[in-house]
Amino acid sequence: MAKEKYVAYVSSYTQEDNTGIRIYDVDMKNGRFEEKRRIEVSNSSYVTISKNKKYLYSITDLGVEAYLILPDGDLEKINHADINGMRGCYLSTDYTDRYLFVGSYHDGKLTVLRIHEDGSLGEITDQIVHKGLGSIAERNFRPHITCARMTHDNKYLLVADQGMDHVNVYSLDLVTGKVKLVDVIRSELESAPRHIKISKNGKYIYIVHEFKCYIDVYRYSEVKQQPSFEKIQTIDTCKRERGSLNAASALTFSDDYQYLLSSNAGDNSVVMYRAEEETGMLEQMFCLPISGEYPKDVAIFPNNKFLVSLNHESNDMTFFRVEPEKKTIVLNGPFLDVQVPNCIIIHKL
């Protein structure tokens with residue numbers, strides 16, 4: 001039986017050179033990465049992989065770039081598409097790989113792009129500009145989109161607006177690529193919803209809030225062809241202390257959806273929860289330091305035995321052995337240098 005092979009794609013902002021994506025071979029046995037290739041793309045602040053696992057899409061200064069994933073995990077550029085606005089910060093596809101959604105922090109714009117059968121990017125099918133005044137005048141005086149992802153039934157697009165403290169819910173017309181606002185999930189004022197994940201069965205929605213450092217869990221259903229969201233849990237990502245400057249960042253599931261992870265800047269920690277499949281409820285297993293500054297993203301290896309943290313301000317990645325039964329992590333080898341890392345995907349070849 002052939003051994004499963006994985007690569008890791010790490011996207012970053014570009015400084016000394018134009019390396020925006022680093023490709024690593026993943027050592028599943030020892031819980032480490034070995035660099036194999038660097039891809040030139042300006043300020044690749046986020047990457048995503050199509051649902052059919054054939055293509056990778058990357059943010060770039062001038063829009064979005066599409067890549068074919070080769071058998072060894074290398075990337076071959078397909079084409080580039082403009083998004084008619086400022087650089088995006090988040091990407092995802094719908095579950096039929098017909099559309100790519102681009103969320104933009106700076107101008108609060110959602111862009112929908114058509115995807116062709118060969119993975120190439122086509123025309124813009126819709127653009128929505130969020131409007132309004134937020135609750136924190138110093139920073140959130142206007143909309144800032146930080147996430148846009150489809151519900152698993154491929155009916156509704158959930159768009160987190162950190163500046164406006166809510167998640168807009170859009171229906172998607174799969175023929176035209178147009179979206180229509182049908183609901184709003186409102187968060188606490190000054191909480192800043194940042195990222196959204198959805199349970200394997202599609203029944204539960206998880207929203208991490210950057211400024212107030214907690215995750216809201218919602219039960220999702222459809223009633224009379226309208227989406228319904230019922231809040232069932234709120235759980236902290238780190239200890240709340242008066243005067244602290246903590247900020248929740250990452251939100252990611254393990255491959256088997258058994259664990260959900262988040263991270264905290266300021267506190268510089270990673271938090272891991274056990275996710276109950278039937279009820280959707282989260283149970284915190286640990287919240288521990290990651291030995292770096294500003295863990296922008298984290299990932300658990302597909303075997304659930306190792307963890308990697310992308311440390312945005314200390315310009316490195318730190319690796320840990322995960323011991324779920326002991327509810328702890330242990331530093332696993334030296335740091336790996338990488339300039340301003342921002343996003344990671346571990347991909348099975």
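**Close-up views of a predicted model**

**View 1. Lys-224 sits in a loop between two strands.** You'll find Lys-224 in the loop that links strand S18 (214-223) to strand S19 (226-236); strands here are DSSP runs of E with at least two residues, numbered from the N terminus. Phi of Lys-224 is near 50 degrees, a positive value in a residue that isn't glycine. Lys-224 counts as exposed, because its relative accessibility is 79% (exposed is over 50%, buried is under 20% and partly exposed lies in between, with a 1.4 Å probe and protein chains only). A quick note for every view: this is a predicted model, so local features need pLDDT of at least 70 and side-chain atom pairs need 80 or more, while totals for chains, interfaces and linings use all residues. Residues are numbered from 1 along each chain as its sequence is written, and side-chain values use heavy atoms, leaving out hydrogens and water.

View 2. Look in the loop between S12 and strand S13 (156-161) to spot Asn-154. Is Asn-154 buried or exposed? Asn-154 is buried, because its relative accessible area is 9%.

View 3. One of the spots to look for is Ala-247, whose bridge partner in S21 is Ala-265. The hairpin of S20 and S21 has five residues between the strands, and there Tyr-257 takes a positive phi near 65 degrees.

**View 4. Four strands make an open sheet.** Reading across, the order is S3-S2-S1-S29, and the pairing is antiparallel. At the edges are strand S3 (32-40) and strand S29 (341-348), each pairing on one side only. On average, neighbouring strands of this sheet are turned by 25 degrees against each other, direction ignored (axes are lines fitted to C-alpha atoms, and angles run from 0 to 180 degrees between N-to-C directions). Zoom in on strand S1 (residues 6-12) and strand S2 (residues 19-27): five bridges pair them in the antiparallel sense. Val-7 stands opposite Asp-25 in S2.

**View 5. Glu-76 belongs to strand S7.** Strand S7 covers residues 75-81, and Glu-76 is found there. Glu-76 counts as partly exposed, because its relative accessibility is 44%. Which residues does Glu-76 touch, not counting those up to four places away in sequence? Ala-66, Tyr-67, Leu-68 and Leu-70 (contact means heavy atoms within 4.5 Å). Ile-39 is 37 residues from Glu-76 along the chain, and their C-alpha atoms are separated by 9.4 Å.

**View 6. Here's the one cavity of 30 Å³ or more that a search of the whole structure finds.** The volume of this largest cavity is about 30 Å³ (a cavity is a set of points on a 1 Å grid where a 1.4 Å probe fits but cannot get out, and lining residues have an atom within 4 Å of a point; the volume is the space filled by probe spheres set on the points, which are joined across faces, edges and corners). Lys-51, Ser-92, Thr-93, Tyr-95, Arg-149 and Met-150 line the largest cavity. Strand S8 (90-93) and strand S12 (145-150) are the elements that give two or more residues to this lining.

Key
On a 1 Å grid over the protein atoms alone, a cavity is a set of points where a 1.4 Å probe fits but cannot get out, and a pocket is an open set with protein on both sides within 12 Å along at least five of seven lines; lining residues have an atom within 4 Å of a point. Two strands pair if DSSP finds at least two bridges between them.
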